[in-house]
Amino acid sequence: MVLSEVEITKPDSASATTRVLLNGDISMAVETQALGAENNLCSMYEEKVRPCIDLIDSLRALGVEQDLALPAIAVIGDQSSGKSSVLEALSGVALPRGTGIVTRCPLVLKLKKLVNEDEWRGKVSYQDIEMEISDASEVEKEVSKAQNVIAGEGMGISHELISLEISSPHVPDLTLIDLPGITRVAVGNQPADIGRQIKALIKKYINKQETINLVVVPSNVDIATTEALSMAQEVDPEGDRTIGILTKPDLVDRGTEDKVVDVVRNLVCHLKKGYMIVKCRGQQDIQDRLSLAEALQREKAFFEDHPHFRNLLEEGRATVPCLAERLTTELIIHISKSLPLLENQIKESHQKITEELQKYGVDIPEEENEKMFFLIDKINAFNQDILALIQGEEIVGEEDTRLFTKLRKEFCKWSVLIEENFQKSYEIISRQVWKFECQFRGRELPGFVNYKTFETIVKQQIRTLEEPAVDMLHKVTDIVRMAFSDVSIKNFEEFFNLHRTAKELGDT
């Protein structure tokens, strides 16, 4: 049976067609359809990924992270662990390198994958400065310059963020926070407590439950002894939000490759998110001016040809491209889990701030005639609150008490004091009355006491109550004055003269 020529249209392009001769071999048609489906899936993935990451980046740029923890991937590692090499490989640009502390400020690396565009764009932002970058080779210089501005020309560190945004068709959709490498001993002009400062800065980020900890460890180092992994395990003992990245596999001693494979396969120091292994540019490669694109090709060839590590490549645990895909997936999952909680936190904060703003009222108008009406409204509101206070109808919070209730409690204490005083003086009064009956009764009718005698007895009682009565008066006055002052603060706090006048009236 002879099959005719069939035209297949690619799903991602209505105009482009592929003519396939179906004369017994339909594999090309299947591959073409699969390619179209893959392109559609990639398109759908990008549509979901980019908005999530952009949302978190926008919140971070607005300073929301000062009050609320945002989902993020924090990159940590000991000095010379290969952190910068991993970030270079992911971003496609060279970052500051050298000996000692190279990363001296937290660097927010925002990678944006461009679709249907070939242009490379970069931007460095810090403090009130924004620097557009048109050439990838300028990134290292601009980041170093930003660090010097923020942390000084020496070797000190700062908690202030530097933002590096890179848009390119060759980067993954990903946002990472690069943190200073962990050091133990101060050298040169470094502060004596530089190690403590760096650990405090790192803990500021990795302590947050919203942060995924990306721990970078050289393959030729015993992973159990690394400070970075120890710090990550301290804040995440179950390994729920920690990913291990092994670097420098080419430096592994011969005969110890199986141990590295066991670590990557999560058989040594268990992490729920597991491990990846990558081979990035070394210092010699940089001196030989090996491009990042060539480095990726050499990395793939290294794992394909390695007798022990090739299996890790087949399992999707090796190379920078696999790492980029893994990190993007992890970040999106993490953001999706965190967004509902973050939304509730923002709503609660918004409601709290709105209520606080309402206490201050509206802005003062600029027109003179409107200012008069504004003043009248403020005084009327004050009078209404005072009237409510006098009538015992003021609005109070759940933990507060109305003025009349406070006064009633004080008068109840006063009644108890009078009762106790009477009980103590009862026998004295009885003896004085009996003495009068026996010695001084004149023409008074039975049951009536002479007025002067009565006055003498009562004055003795009043004298004993005089000091408590004055204290009672002061307490009640202070309570009323405080209530009056609270109303004045509520209405006139931002208007000093009005508040002072109202306070003076309340004190008189």
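A crossing counts as right-handed if the near helix is turned clockwise from the far one by less than a right angle, and as left-handed if anticlockwise. I wanted that noted before looking at helix pairs.

Ground rules: this is a predicted model, where local features need pLDDT of at least 70, side-chain atom pairs count only at pLDDT 80 or more, and totals for chains, interfaces and linings use all residues. Residues are numbered from 1 along each chain as its sequence is written, and side-chain values use heavy atoms, leaving out hydrogens and water.

**Entry 1: α11 and α13.** I looked up helix α11 (residues 368–390) against helix α13 (residues 451–492) and found their axes 10 Å apart, at an angle of about 155°. Axes here are lines fitted to C-alpha atoms over the stretch in contact, with angles from 0 to 180 degrees between N-to-C directions; helices are DSSP runs of H or I, at least four residues, numbered from the N terminus. The angle makes α11 roughly antiparallel to α13 (over 145 degrees). Their crossing is right-handed. In contact (heavy atoms within 4.5 Å) I noted, among others, F382 and L389 of α11 and F484 and F492 of α13.

**Entry 2: α4 and α5.** Next came helix α4 (residues 194–206) and helix α5 (residues 227–235), whose axes come within 11 Å and cross at roughly 45°. K199, I202, K203 and I206 in α4 meet E227, M231, A232, E234 and V235 in α5.

Technical notes:
Helix = DSSP H or I, 4+ residues; strand = E, 2+ residues; numbered from the N terminus. Parallel < 35°, antiparallel > 145°, perpendicular 65-115°, else oblique.
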